[in-house]
Amino acid sequence: MKKLRFGLLAAAVVAIVALVAVACGDDDGDGGGEGRGNTVQTIKDRGELKCGVKQTQPLFGFREADGTVVGFDIEFCKALAAAVLKDHTKVEYIDASDASTRFELLNEEEIDVLIRTTTITASRDRELGVDFAQTTFYTGQGFAVRTDSGIDSTSDMGEAIICVQTGTTTEQNVADHFTDIGLEYDPQGGLSQDVADAFFAGRCDVLTADASDLASRIAVRDDAADYKILPQIISKEPLAPGVRDYDSEWKDVVNWVVHGLIRAEEIGITKANVGQMAANPPNTEVARLLGVPFQGGEVAALGFDSVDPQFIQRAIAAVGNYGEIYDRTIGDNIPRACTLNDLVLNNSGCPDGQGGIQYALPYR
Amino acid sequence: MAVAAGGAPPPSSEVPLLYRRGVRRLLTQGIYVALTAVVIGYVYTSLDLREFGFGFLSEPAAFKVGNQWLTDVDGVTNSRITMYLVGVWSSLRAVLVAIALSTVIGVLIGVARLSSNWLVAQMAMLYVEIFRNTPLLVQVVLVYTILLIGAPLIENVVNVGDFFFISNRGMAMPWPVPDSGFWGTPDWFVGVWVAALLAIGFVAQRVRADRQGRERETGQPHYPNRWALGVFAVGAVISFFALGAPVSIDEPVIVGTHYIEGMVMEPEFTALVAGLTLYTSAFIAEIVRGGIQALPRGQTEAANAVGLSGYQRLTLVILPQALRQIIPSVTNQYLNINKNSSLAYAVLYDDLFRVANIVQNKAGHALEMFFVIIVTYMLISFAISVVMNFFNARVTAQRI
Amino acid sequence: MVDMPAQNPQRIVLPPHRERARRPRIVRLREWARRNLFNSRAGTFLTIITAAILALIIYGVVYFVFVDANWRVITENRWLLFAGGYPMDQEWRLWFSVMFVFLLIGLTYGTWASLGRRDHLFIVLASGFAILLLAHGGAAIWSTIWYLIAVGLLYAGYAITIRMPREAGPGRTLQQRSVAGLLIAALPIVLIVLLAFGGARPRELEGFVLNLVLAPVGIVGGLIIAIPLALGRASRMRAISWTCTTYIEVVRGAPLLGWLFVALFILDDVIGGELIVRAMVVLAVFTAAYMAEYIRGALQALPHGQSEAAHAVGLNQFQSMQLIVMPQALRISIPPMVGQAISIWKDTTLVTVILPLRELKGNADSAIAQFEFTPDRIEAYVFVAVVFWVVAFIMSRISQRVEGSLGIGER
């Protein structure tokens with residue numbers, strides 16, 4: 001009996017290998033590019049937006065005791081639902097906490113949009129079938145250490161144990177950086193929550209991640225003073241919503257909702273006054289942004305076939321402008337001095353020449 | 001078949017074609033094969049095989065793998081398949097240690113379950129009930145969390161005589177390493193000593209067999225085990241110095257916030273192995289108990305009657321017989337350890353499953369990666385089965 | 001009084017164990033301790049060492065539970081852990097399912113077994129624990145009431161069925177058939193209650209509820225696939241036995257985590273559908289391979305005479321399989337099947353590791369991501385472990401009882 005089972009096990013292995021070999025031999029398949037998706041229509045038909053978000057990141061995407069998902073990224077999901085479906089509650093939040101499977105969720109159409117502190121990079125754009133919309137949060141990769149560790153820059157980190165999230169740009173950045181400065185280090189990889197916990201427990205000397213990630217995790221701790229974020233930033237990490245390739249209509253909608261929210265802040269439209277502004281727009285730009293006629297004229301239809309001209313208005317009415325979203329979700333913990341560009345907004349209070357980089361494209 | 005109805009079966013020529021057994025079988029199998037082919041064909045066509053191939057495995061990895069031991073692969077220039085093999089080595093280490101530990105603990109607990117001492121038996125039962133009925137994932141994660149939070153920081157490391165350290169960065173302990181010795185021999189020379197040890201072990205085994213034979217013949221004690229051990233110890237010491245002390249002990253040192261030298265058992269490894277061991281040993285304990293209970297009571301009574309001590313009764317009479325029933329089930333548990341080692345994914349231990357996932361994340365090719373994973377697990381399972389079947393053959397060689 | 005001793009010789013002499021029972025309790029206790037704890041010098045030593053270890057463990061556990069631990073991470077997050085994203089206004093559906101399942105447990109117990117003293121104690125303890133888990137937020141009182149009704153239903157079902165005659169007869173058969181039918185229909189009924197007619201969408205099954213749904217789906221689905229698979233493997237037709245064997249060995253060759261990886265990345269192109277459905281398919285397919293092996297073992301263990309006798313009385317192969325062989329084989333394979341069921345119950349935690357499905361352990365991770373509870377990881381995981389343990393223990397308890405009264409494992 002035993003011998004027979006062996007034979008069968010071996011046969012099974014052989015069968016798999018053979019299957020692989022057969023599959024290898026025949027590569028051409030049906031060929032052709034991906035069919036053009038029409039995610040907006042899919043969302044409308046479904047009556048619900050599937051939004052891939054984090055569920056374990058303080059401030060950006062986490063869960064409250066009653067099961068609701070909250071955070072900075074979540075607000076954009078609501079804004080999109082309001083824009084497309086006219087109801088900001090019609091969102092299904094899908095857990096994309098694991099960085100190493102998030103793009104698959106998008107590609108396998110488990111989610112319509114990925115709003116999960118995801119960095120735009122060229123290689124992701126090219127290889128992973130993902131397209132990025134307007135950045136919602138600009139950050140860079142930083143390092144957190146314990147205040148008493150005596151580490152002031154990466155040049156002090158020779159042989160250090162560095163906790164880094166697996167399957168992210170940060171993992172590659174830190175490897176490149178240490179190759180450049182010629183130091184060795186010992187990586188400790190995993191999910192972002194797990195590596196952060198390992199760092200706070202003292203398992204590693206350094207935690208590297210997006211500075212916003214580090215700040216959000218340190219800020220909410222009781223012993224926040226025991227940790228510091230080094231001023232050194234080794235990369236640019238623009239965090240943006242991701243959508244599937246070959247679906248420009250949906251990408252446009254996501255893109256312009258984000259721009260619209262930023263523009264709303266720039267020109268002073270808020271959740272509170274959006275209704276009044278829409279009823280009585282003070283100028284043509286506000287009218288255009290909110291999709292309402294200016295002084296009895298025509299509604300400026302900007303030609304997004306799949307959504308009506310008021311989609312940005314609904315988004316603002318649902319979640320407020322970019323600044324309101326920011327202040328409501330992360331403002332208490334990560335102060336925002338200059339996210340808006342000084343040249344655009346003369347009254348932003350930023351020192352000269354240090355304008356922020358959020359800047360809405362012209363909506364006309 | 002038709003015997004019960006009376007009379008011999010009719011000659012096959014009289015049975016209509018469709019009712020002949022051979023024809024029916026052929027037909028059934030034909031339909032079955034056709035259906036299977038349709039299903040496989042459907043699966044095959046629905047898979048996206050346009051970019052199928054294993055070329056991506058030989059591209060540069062561009063990621064690092066932690067928890068390395070005896071390897072030092074930085075991942076910048078190495079290929080993805082190299083990194084995967086590093087992960088396989090990490091898995092193998094954890095699996096082997098977990099197999100060894102869970103066997104020892106499992107047998108102990110299993111025997112304790114049948115102890116005449118009520119308290120010991122109850123404790124063993126408690127152990128089994130707790131660890132068998134909670135998810136392994138939770139056990140592994142819990143052990144890891146306790147190690148991280150519970151063990152001291154490296155700044156407050158527990159230092160045992162300057163050669164053994166415990167902190168939440170792992171346990172550091174002395175470890176033998178190849179040494180140039182008296183005569184400046186290269187590192188590989190340690191292999192010569194290992195070969196010498198094997199030869200001495202063989203000789204010791206012969207001595208033991210010979211003394212056992214004489215013991216059996218004469219009825220006089222010839223101390224086979226003590227002799228064998230003595231021969232081996234003396235041989236080992238002599239060969240060690242004769243070959244110029246090719247091995248030295250490397251003691252761990254703490255520099256700043258990390259260990260150097262020695263061997264470091266990192267908390268990820270410890271958590272995985274501890275979780276696998278606690279979980280599997282509870283199952284092995286039940287198998288051992290079942291194996292022992294299946295023996296006729298007369299065996300225990302007979303052992304008592306010839307005046308064996310409790311320990312002798314267990315090791316000479318009970319366990320050797322119970323092994324016949326135990327080994328096949330325990331083999332299954334070993335295979336489970338192999339498969340369950342994939343839970344390393346949850347404790348930041350870079351085993352083969354995690355490395356495969358990283359590769360998949362960077363390069364796509366989920367289908368190919370899955371084939372690689374399953375073939376690897378099957379090969380390891382196959383190796384475990386081969387070894388265990390060898391043992392099984394030895395145990396069952398003697399008929400009772 | 002003087003005469004009394006004279007009556008002594010007429011005292012009835014009982015068998016030794018009854019005789020011992022007549023002695024005072026303290027003497028019996030001392031004797032028991034001498035026999036079971038201090039039977040030799042080594043035994044005494046062992047007892048002392050074990051007692052010391054036990055005391056240490058108890059001290060550690062008590063200290064952790066009552067002093068060290070911050071259980072607010074659990075109490076504040078009860079709903080998150082219990083049902084997570086399940087729409088709160090549909091809570092009654094969850095309670096209905098709980099009551100239904102409890103009633104079924106009572107009926108099963110009453111039909112095939114009887115409650116021992118320990119079972120009562122266990123039900124009470126499990127109830128107390130479950131109230132802690134299930135009662136959430138402001139509606140704690142209502143949840144407690146719902147829960148007590150569920151326990152009441154359990155006892156009511158038990159009380160009704162236990163009074164019915166156990167002797168074989170048409171009444172007994174009807175009772176057994178209807179309870180078995182309810183058991184088989186339980187899963188579809190619960191799923192309909194939870195999901196259909198304005199209930200939640202499949203994706204909204206979360207937390208503990210998700211574990212409670214996934215495990216039965218895996219077990220029942222696995223069994224449905226396993227039976228033809230086992231027969232196929234035992235078949236004398238090469239093509240069939242070869243493919244079944246390949247299926248079983250390949251599925252058993254890779255870890256469940258690997259198959260869930262398939263559900264996420266590969267199965268999407270093959271069967272599509274909701275991810276949670278794919279996860280269920282994978283669980284069923286995975287479990288089936290193991291169950292098929294147990295059934296095959298049982299088939300082999302059956303004496304050959306059984307099928308021969310079936311042929312002798314003129315049953316054809318299908319009838320003999322359906323009426324004679326399978327019922328016996330399934331009965332023999334119940335103990336390992338229960339083991340497999342408990343195993344799949346524990347394995348439902350794995351869906352969080354790979355898939356974006358948040359079961360209990362996953363939502364515990366979310367709970368400790370909240371600002372104030374980041375230091376309370378151990379509490380959260382200990383709680384999860386205890387919850388799983390309780391359910392696994394209930395499963396093994398019920399099966400032991402039922403097996404015992406069915407006479408399985410006895411020869």
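In this predicted model, the axes of helix α11 (residues 207–234) of chain C and helix α18 (residues 334–347) of chain C come within 9 Å and cross at roughly 140°.

**Helix pair in chain C**
- The crossing in which α11(C) passes α18(C) is right-handed.
- From α11(C), the residues A215(C), G218(C) and I219(C) meet A341(C), I344(C) and W345(C) of α18(C), and the residues of this contact comprise five nonpolar, one polar and no charged.

**Helix pair in chain B**
- Helix α2 (residues 80–113) of chain B and helix α3 (residues 118–132) of chain B have axes that come within 7 Å and cross at roughly 130°, and the two helices are therefore oblique to each other.
- The crossing of α2(B) and α3(B) is left-handed.
- On the α2(B) side, I109(B), A112(B) and R113(B) meet V120(B), A121(B), A124(B), M125(B), Y127(B) and V128(B) of α3(B), a contact whose residues divide into eight nonpolar, no polar and one charged.

**Contact of chain A with chain C**
- In the contact between these two chains, 26 residues of chain A face 27 residues of chain C.
- At least two residues of the chain A side come from each of α1 (2–25), β3 (61–63), β5 (91–95), α4 (102–107) and α7 (192–200), with α1(A) giving the largest share, five residues.
- By residue class, the side of chain A that touches chain C holds 12 nonpolar, five polar and nine charged residues.

Technical notes: Residues are numbered from 1 along each chain as its sequence is written. Chains are lettered from A and ligands numbered from 1 in the order in which they are written. This is a predicted model: local features need pLDDT of at least 70, side-chain atom pairs count only at pLDDT 80 or more; totals for chains, interfaces and linings use all residues. Two residues are in contact if their C-beta atoms, placed from the backbone, lie within 7 Å. Helices (H or I, at least four residues) and strands (E, at least two) are DSSP runs, numbered from the N terminus. Ala, Val, Leu, Ile, Met, Phe, Trp, Tyr, Cys and Pro count as nonpolar, Asp, Glu, Lys and Arg as charged, and the others, Gly among them, as polar. Axes are lines fitted to C-alpha atoms, for helices over the stretch in contact, and angles run from 0 to 180 degrees between N-to-C directions. Angles under 35 degrees count as roughly parallel, over 145 as roughly antiparallel, 65 to 115 as roughly perpendicular and the rest as oblique. A crossing is left-handed if the near helix is turned anticlockwise from the far one by less than a right angle, and right-handed if clockwise.
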